[in-house]
Amino acid sequence: MPSTPKNTISRRSFFKTSALASGGILIGISFLNSCAPSTEVPVDIADITFNDFNAFIRISNDGKITIFSPNPEIGQGVKTTLPMLIAEELDVAWDNVFVEQGKLDVDNFQNQFAGGSNGVRMAWLPLREAGATARMMLMQAAANRWGVEVGECSTSEGIITNAKGEKLGYGEVVLEAAKLEAPTEISLKDPADFKIIGQEIGNVDVEKIAQGKPLFGLDFKREGMVYAVVMRPPAFGQTLVDFDDSETRTVSGVLDVIRFEDKIAVVGKNTWSAMKGKRKLKANWSEASPAESSEGHDQALFALLDGSQFETMRMDGDVKTAFAEADQVIERTYESPFLPHNCMEPMNFFADVTADKVDLVGPIQTPKGTAYEIAEALGRDMSTVNMDMTRMGGGFGRRLYGDFAMEAAQISNLAKKPVKVVYTREDDMTAGMYRPAVKYRIAASIKDGAITGYHLKEAAVNGNMYSLIPNFFPAGSIDNYQVDVASFDSNITTAAWRAPYTNFHAVAEQSFFDEVANALNQDPVQLRLDLINKAKGTLDPLRTYDPDRLIGVINLVTEKSDWGKKKEGVFQGFASYYCHNTHVAEVAEVVMRDGKPFVQKVTCAVDCGVVVNPLGAMNQVQGGIIDGIGHAMFGEFGFENGRPTTDNFHAYNLIRMNDTPQVDVHFVKNDIAPTGLGEPSLPPVGAAVANAIHAATGVRVSKIPFAKNMNPEVLA
Amino acid sequence: MAIHELKINGNRQSVDVDDDTPLLWVLRDEMNLVGTKYGCGIGQCGACTVHIDGVATRSCLTTVSSIGDKAITTIEGLSADGKHPLQEAWKSCDVPQCGYCQSGQIMTAAAYLEKNPNPSSDEIRQAMHGNICRCGSYNSIQKAVETAAKS
């Protein structure tokens, strides 16, 4: 979608656009008697027409602006970036902008969720239009007061100026502006005129974070609130038979023990008493049925790969014939285990369920869906449900699922008290929701030095292929091409995990092409470029990526990383990938440290269109790369007899500072409408690392965790 | 339950909790000092780091009864005005992503810089190795600690 330098749209189409793209955004203007938003006193606004305003903006009489960020903040930076879009078109100075987290508002906001790297992409036009609409109305109000045409007025940093040079601040005309009809036409700025978009704007919460101020769900408190720690079935496939809470009830501070479903909540006056009380709880569980294990998962997935029960997702040409006629067939299997999300802030949620209302507060990526589910479960009307979003100590997909919020609502409903459910780290790691285990088997046929066929088979727990993946690279580049999937149904709960579906597909595919390049004695980068150029010449309506933009990031990363220029003791690996609408290419540099491969640097080139906030964007790309390397190198999680075999960080390795490379990020500069950044840098980096490890050691690592599955004899 | 008198951020405060209550939960639930975070409860992640007599300490493994007269400093008491060189560097380097682990990172770094005011990059990486950042903000943490050390 191209950007719209002078986007003039009729009022009717404006509202239509909003509804389709990111929703009707309400402007709420609170009329202030004092200067600072923190001490603002809203005046009576009952007789003011709001329906023509379109953004969640407050303007005080001294021109201070409060912008409500509609989407939940999980560390992806939307609480800073989305208000920048509004402030840009509202034409105010960023220093005068205060940002607050908006609450769930199903009437006036849409797409209030955090996921799929969609925040900025979906908000790009609607939020700018919201800011521009408000600006037009403020200008009109000033024009009316002056008795001049609005076309004679201009704005800059919250000040309206007319042809005579007279000036009025937004705060001086806001009351009149709010009574006006919304404009039938608005113009958006030319990107060349952006003053805020493209600037390095610091995280709006950094001051509070650096001083330890309350921000997160776990920090939230309310008068009379009690704490609940929950015992859940230790194995998947178990149910609760009975339990003995006599010792639990002797723990000081324990207030109650409540059974709900197959779970037992220990309610305490503080977190520690509830945690201690749970340790004293004795429960009997049914035999796990079925009792799954990692060994069983491996056998089942290999049986699927070896079998013929596939669903074909895309088929071009005839891979069977291509393989039969090949000079050489290269085949490799790639394996990834289950992975937990391990947000640093364990799952938690506050609920206060009373006879006439349901009040929910906490860290949730899907406030709307979760509120609806809770309303339905409790048999309440949505109009009686309030949902406030706190800042989240990480999401990574785990907080797309509101199971923990549901628990809080259930317990509050039974306890008749405001309740905060708190997961221990052990609860967080063992209660479920994992990136599913998956195995890929990829084969290529080589004839006369060229790739003639490509066949990718996926065997995954609970199905793991996103429907667009079959149309990713190298679809359209290889005449005989087939993608097949098979699924093993498990009772272990699986979930989206940062860059779902693509996070390991990229590792497998981009490792495989390195291997093919080696076999063909070709430069791995040139091999990709040749294939992409081949796709470029075809008109494949299903193709997802833009060949020119993919080539662009590849060229940028090879230039910035000095690809192919030998440095003593430094070994490079390359990968490129397109997902979540963003094109990425990466070069990892491995050196041998204490006899083992160590990733010392990653160079990354990204084409996400306009970079709204370079600081936040760089953080996302760096974070995705470090996250991707950490889980590729160390991620290991299994099951025995239905139970997770790991429950805390003594046994689960998350990447730490001394394992971390320096990450050098470069953005392609263009004026194309922005796409997502929370996820796209993660998927390919595992492949860049695996390919660099091969360059350094001659060892191909194809199974996560790499650190464990690198052949120790070769590395010795 | 027993009364424990603690020296927290320069103030003497008493709290009536069980002897085995971790300092972490005393701070968070009883003192309303929620800047100190719960991450793992077993001393592996560093989110709960505070200073006890200037030494970076895991508050999740420190029982309230073991502290005695020692001085506890939390993120809230690191500086009077939020302008400790590390807090300033955290802002100028725009370190946080989700932000949850960051007070623990700052407290670990603050105690370390007291001992070693001019660390090398490698020394910083070793010193900060005990604090997990799930978002992977390590490059920026390193830069911020280097910036604070220079200021």
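**Entry 1, the contact between the chains.** I began with the contact between the two chains, which takes 48 residues from chain B and 50 residues from chain A; I keep in mind that this is a predicted model. I then looked up which helices of chain B supply at least two residues each to the side that touches chain A, and noted helix H1 (23–30), helix H2 (85–92), helix H3 (102–115), helix H4 (121–127) and helix H5 (138–150). H5(B) gives the most to this side of chain B, with five residues.

**Entry 2, domains of chain A.** I next turned to the division of chain A, which consists of domain 1 (9–197), domain 2 (217–287 + 347–422) and domain 3 (310–338 + 435–715).

**Entry 3, a sheet in chain A.** I followed three strands of chain A that form an open sheet in the order S2-S3-S4, with mixed pairing. Strand S2 (57–59) and strand S4 (97–101) of chain A stand at the edges with a single partner strand each, so one side of each is left without a neighbour in the sheet. Direction ignored, I noted that neighbouring strands of this sheet are turned by 20° against each other on average. Strand S3 (residues 65–69) of chain A pairs with S4(A) in the parallel sense, over five bridges, and I recorded A:Phe98 in S4(A) as the bridge partner of A:Thr66.

Notes. Residues numbered from 1 in each chain as written. Chains lettered and ligands numbered in written order. Predicted model: local features only at pLDDT ≥ 70, side-chain atom pairs only at ≥ 80, totals over all residues. Contact = placed C-beta atoms within 7 Å. Helix = DSSP H or I, 4+ residues; strand = E, 2+ residues; numbered from the N terminus. Domains from an automatic or database assignment. Pairing = 2+ DSSP bridges. Axes fitted to C-alpha atoms, helices over the stretch in contact; angles between N-to-C directions.
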